[in-house]
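Please read them with the structure open.

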Amino acid sequence: MDFSIRAANVEDCKDIARMIRVSKTRAHVRTERHLEQDGFSKNPFFHGIVAEVPEQHRTKEGHTKIGYALYFYSYSSWAGRAIYMEDLYVMPEFRGKGIGKALMSKVAQLGLAAGCNQLNFTVLDCNKSSVDFYLSQGCFDITDKIGYHCMRCEGEALEHLAQP
Amino acid sequence: MEYKLRKAEPKDVSDILRLVKELAKYEEMESQVTLTEKDLLEDGFGETPFYHCIIAETPGENSSDEPDVVGFAMYYFTYDPWVGKQLYLEEFYVMDKCRGLGIGSGILRHLSDLAMKTRCTGMMFVVAENNQPSVQFYKRRGAEDLSQEEGWRLFRFDKDSLVKMATPAEE
């Protein structure tokens, strides 16, 4: 199937928000306005790429933007510049056509162009098809290999920690 | 013990690298540190910094001595499309001889305050599960282990795999 990948622009936030809502099950998700502010202002906190199909392949609701990846630059105190892929999503009816692989390849290219030595991301262990896909592409599971656990401090715990 | 926290400056890169290597040694992975002072300088103090750093220092032995750099935290900002900006704590270390004096707690407090001021909804980091003193230090302060509680696994493509993946497939 014919498709193209390009950098996301502020007009894509509507479709990105749509795909985030469909792909996630949590009730609260960033609104389109948050994505616009956080991704497309002078100091962006993330970057995006979008996969599009030609008009003749649009979905029955009329969407041509059918996949996306969100990423940002991070840093490893051991290995230096790194790129973190926060989200990778392709709408179900467009899977199995190499679009996910192409999106990830683009993130890898962007990372290498910026001098990055690693591409990091997280996957839920119950998402077997994703885990298998990533392992087949040559990555390794750091949680399994080195025992690194992802931790978060938020809400009241964060406020408490900030108290003098 | 009297200590001071301040933003890192270019002159601090040699102390930062020294402390990075000390922490890596503690985790028995010293050989994995390939970063150089030049990388730290370019990546942290250029036009678009990839990281930010705060330094903890204590007074020198004599009043005329330079202060001693005894701890640091390296962090940057990340994004979760569900809940927004996060402060990501990449590295956090206080020298052995200065532990138990409140310096670590002071650094964490400073960073949490910074996270709130910059409208982050959370602070994130990774810890090795066999580093129980650190795991307990964070859990006591309210951190959740997302790997344990929600099943998140951290995956990585290293440089060779990255290059392979960046090469477009033959159609």
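**Notes on the A/B contact**

1. Strand 7 (residues 148-154) of chain A runs antiparallel to strand 6 (residues 144-145) of chain B, joined by two bridges. Strands here are DSSP runs of E, at least two residues, numbered from the N terminus; two of them pair if DSSP finds at least two bridges between them. Within this pairing, A:Arg152 has B:Glu144 as its bridge partner.

2. The model is predicted: local features need pLDDT of at least 70, side-chain atom pairs count only at pLDDT 80 or more, and totals for chains, interfaces and linings use all residues. Residues are numbered from 1 along each chain as its sequence is written, chains are lettered from A in the order in which they are written, and side-chain values use heavy atoms, without hydrogens and water.

3. Within chain B, strand 2 (residues 52-58) and strand 3 (residues 68-80) pair antiparallel over seven bridges.

4. The contact (heavy atoms within 4.5 Å) involves 69 residues from chain A and 70 residues from chain B. The two chains bury about 7000 Å², 61% of it on carbon and sulfur atoms. Buried area is the accessible area (1.4 Å probe) lost on being put together, summed over both parts.

5. Five salt bridges link chain A and chain B. The cut-off is a Lys or Arg side-chain nitrogen within 4 Å of an Asp or Glu carboxyl oxygen. One of them is A:Arg152 with B:Asp80, with closest N and O atoms 3.0 Å apart.

Key. Helices (H or I, at least four residues) and strands (E, at least two) are DSSP runs, numbered from the N terminus.
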